[in-house]
Amino acid sequence: MFVDPRRGLLIILSSPSGAGKTTLTNKLVEWDSRITISVSMTTRPARGNEQDGKEYFFVDDDTFLRKVGDNVFLEHAEVFGYRYGTPARLVENAIEDGRDVVFDIDWKGANQIRNSRYASSVVSIFVLPPSIAELNRRLRERAFDSPSMVGHRMEKSKGEISHWLDYDYVLINHEVEQVLDKVKLIVQAERMKRTRQRGLRRFIGGLNSEFEARRQ
Ligand code: 5GP
């Protein structure tokens, strides 16, 4: 018997920069084509190979503020001196189609989405580095940022980690494939939640009709 498609999930991945969440996000999307990445808008300049529309939509401050005024964003926040925001349209479409959306956003954005009309679709995961020394090593190795930016991101990490209690799941990234396996398990279980399966009431109605038919 057929059960209607479920409602999509909003999978929020947060962590201090360098804890491996971008790699994790990309691997998650490769694993399941029903998961879409939410591409944010930012006023931060593009780094290295970043392309407009792929990692981010890069805009200037005036454009960003105009979009805030036009209510384009599901959430927006200032992080490391730049503005970042999640355009709402993709999220709305995905949820309705039963597709899942993964967000690589900070704790402020996560809070806003938890308090939005999509609260019941949110699954939030906080990814911790195995140690602060390892976090520092990963940040320096990826060489995107100047040494002063690396220092700035390290200083901010303590504040970001202090929000771990707000998340549904907390994972330690010793090894990315291991964390990925755990995230896959979380997504699989969350998809099966009763409240996320749309046609269950009708399905149970069908089972009851079958009982009735057998009694006659
Ligand atoms: P980065 O500049 O390294 O790509 O990102 C810096 C921080 O901004 C990361 O913690 C990332 O999760 C966060 N971030 C990226 N996009 C968004 C967004 O749309 N909203 C919020 N609130 N944070 C974001």
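In this predicted model, an oxygen atom of the ligand lies 2.8 Å from an N or O atom in the side chain of D104, a polar contact in the sense of a pair of N or O atoms within 3.5 Å. The protein covers 96% of the 510 Å² of accessible area that the ligand has on its own, with areas taken from the Shrake-Rupley method and a 1.4 Å probe. Because the model is predicted, local features need pLDDT of at least 70 and side-chain atom pairs count only at pLDDT 80 or more, while totals for chains, interfaces and linings use all residues. Residues are numbered from 1 along each chain as its sequence is written, and side-chain values use heavy atoms, leaving out hydrogens and water.

**Around the ligand**

- Of the 17 residues around the ligand, those that come nearest are S40, R44, Y56, E75 and Y84, where a residue is near if one of its heavy atoms lies within 4 Å.
- Oxygen atoms of the ligand also lie 3.2 Å from a side-chain N or O atom of R47 and 3.4 Å from one of T86.

**The largest pocket**

- The ligand sits in the largest pocket, meaning that more than half of its atoms lie within 2 Å of the pocket's grid points.- A pocket is found on a 1 Å grid over the protein atoms alone, as an open set of points where a 1.4 Å probe fits, with protein on both sides within 12 Å along at least five of seven lines, and its lining residues have an atom within 4 Å of a point.
- The lining of the largest pocket comprises 40 residues, and T22, R47, Y56, D104 and R142 lie nearest the pocket's centre.

Conventions:
Polar contact = N/O pair within 3.5 Å; in protein donor to acceptor, adjacent residues only side chain to side chain.
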